Amino acid sequence: MTEPVVDKLLIIGSASVHTWRYLTGIAPHAREVYLACNGEVPAERRPANLAGTLKLDFRLAALGSAAKLRAWVQQIQPDLAHVHQANSVAWHASRGLRGLGIPLALTAWGSDVLLLPNQNALMARMVKANLAAADLITSDSLYMAARIRELAPVKRLAVLNYGIDSLPPEPDVAAKPKKVLSCRLHKPLYRIDAILKGWAAIEAQPEFADWSLTVAASGSETEALKTLAERLGLQRVTFAGFVSSEVLGALYRDSRVFVSVPESDATSISLLEAMGHGCLPLLSNLPANLEWAIDGLNGRIAEDVTRLGDDLARAMRDAADDARLARIAALNRGLVADKALHVDNMAAFAALYSELLQKP
C-alpha cells in the first residue's frame, strides 16, 4: 500500500485528460486531494480521497478568480499546491496563493512555455512570472527544461513525464499488418494535412500497394482533412475518428509505423504509447522528439515535412523488415519501461513533493 507523503494536496489545472490522469495517479500519495478546475471531473476519474473541488474560470479576463481561489485555499489549508500549465492557470494560481506560505509546484505542458511567450510581450511576462513564482517546476523534456531556464530564474527543476498507464504485452511484430497510424488531434499545430500529402506520394508507388493509413482522432480540421483526402484521390486512408483507449491500443498493436509531425511538441504520450506497442516512430525534427528517437536507429526523423513522402517510404521499408522492426520494438519498449511508466513516475512526483515539504 502506498504511504501518502502529503496530507492535503491541491491540484490546480484545466479540464483535460492530462489533468484527470495526473489526479488519479497522484491521489494514492496524498491523504486528501483537492481540485480547482474549470470543468467537472469525469466520474471514472474521481479518486476516493478527492475531498473537495472548486469551479474556477481560468480566462485572463476572469479577474476575480485569484480572490475566489485564495478564499477557498484559506478554508481548506492545503500543505502543497501543484499547478498544471504555466499559462493563465498559473497566473490566477500564483496570485491566489501569494503570501500564504504554501509550497508551489508547477508543471509545464509544452505550448505554455514553447509557444505562448512568443505571442507578445505581455504573454512572455506572464509566463516568466509564473515560472519565477514556483518553488518546483517539472518539465517532460530536457529541451523544455532548457527553455524554462532561459525564461526565468528557477529554484528547482526536474525532468519527469506522466508516463503511459502500463507497458503493453510484447508485440508479435511479424503479425502486424502493413499499416501506418496517425492519432494526433486535427488542429493546425499537428499538420495532419502534411501526412495526407505525404501519403499521396506513397499511394503512387507500387512498392507500397499493400500498405494503408489510419487517421484517428478528430478536431477543428477534421472535415477539411477529409476533403483534402478526397481531392488527393487517396484510396487507402481510413478516418477512424475519436476512439476509446482500448480501440486506440488495438490501432497501435496493428500498426508498424506511427507518424507524428507537429510544429511544436514536448514529450508526447501518444509517442510513448506507440513505442510501447512496437511501432516505428516517424517524427518531426523537434528537440523533444530527439530525446526519444535517433534517426535510422529506433525511428525516423522528418527534417522537411513538405517532403514527408520520402520519409514515410524510408520508415515503411524499415518497418516491413520483421527482424529490424523487432530490434526497434525491443529498444523502444526498454526506453518506455525505464523512463515512462505512469505508476513509477507518479511515485517520482511524490518524492519531489516530499523534498519540497522538507525544505525550511
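In β12, Leu 282 is the bridge partner of Val 259; the strands are DSSP runs of E of at least two residues, and helices are runs of H or I of at least four, both numbered from the N terminus. This is a predicted model, in which local features need pLDDT of at least 70, side-chain atom pairs count only at pLDDT 80 or more, and totals for chains, interfaces and linings use all residues. Residues are numbered from 1 along each chain as its sequence is written, and side-chain values use heavy atoms, with hydrogens and water left out.

| Partner of β11 | Sense | Bridges |
|---|---|---|
| β8 (residues 179–182) | parallel | two bridges |
| β12 (residues 280–284) | parallel | four bridges |

Val 257 in β11 stands opposite Val 180. From β11, Val 257 and Val 259 point one way while Phe 258 and Ser 260 point the other way, and all are buried, that is, under 20% relative accessible area with a 1.4 Å probe and protein chains only.

Asn 87 lies in the loop between β4 (80–84) and α3, and Asn 87 is buried, with a relative accessible area of 15%. A polar atom of the Asn 87 side chain lies 3.0 Å from the backbone nitrogen of Val 89. Leaving aside neighbours within four places in sequence, Asn 87 is in contact (heavy atoms within 4.5 Å) with Asp 112, Leu 116, Met 126 and Asn 130.

Asn 130 is also one of the residues lining the second largest pocket, to which α3 gives the most, with four residues.

Terms used
On a 1 Å grid over the protein atoms alone, a cavity is a set of points where a 1.4 Å probe fits but cannot get out, and a pocket is an open set with protein on both sides within 12 Å along at least five of seven lines; lining residues have an atom within 4 Å of a point. Buried means under 20% relative accessible area, exposed over 50%, partly exposed in between (1.4 Å probe, protein chains only). A polar contact is a pair of N or O atoms within 3.5 Å; within protein, one must be able to donate a hydrogen and the other to accept it, and residues adjacent in sequence count only if both atoms are side-chain atoms. Two strands pair if DSSP finds at least two bridges between them.
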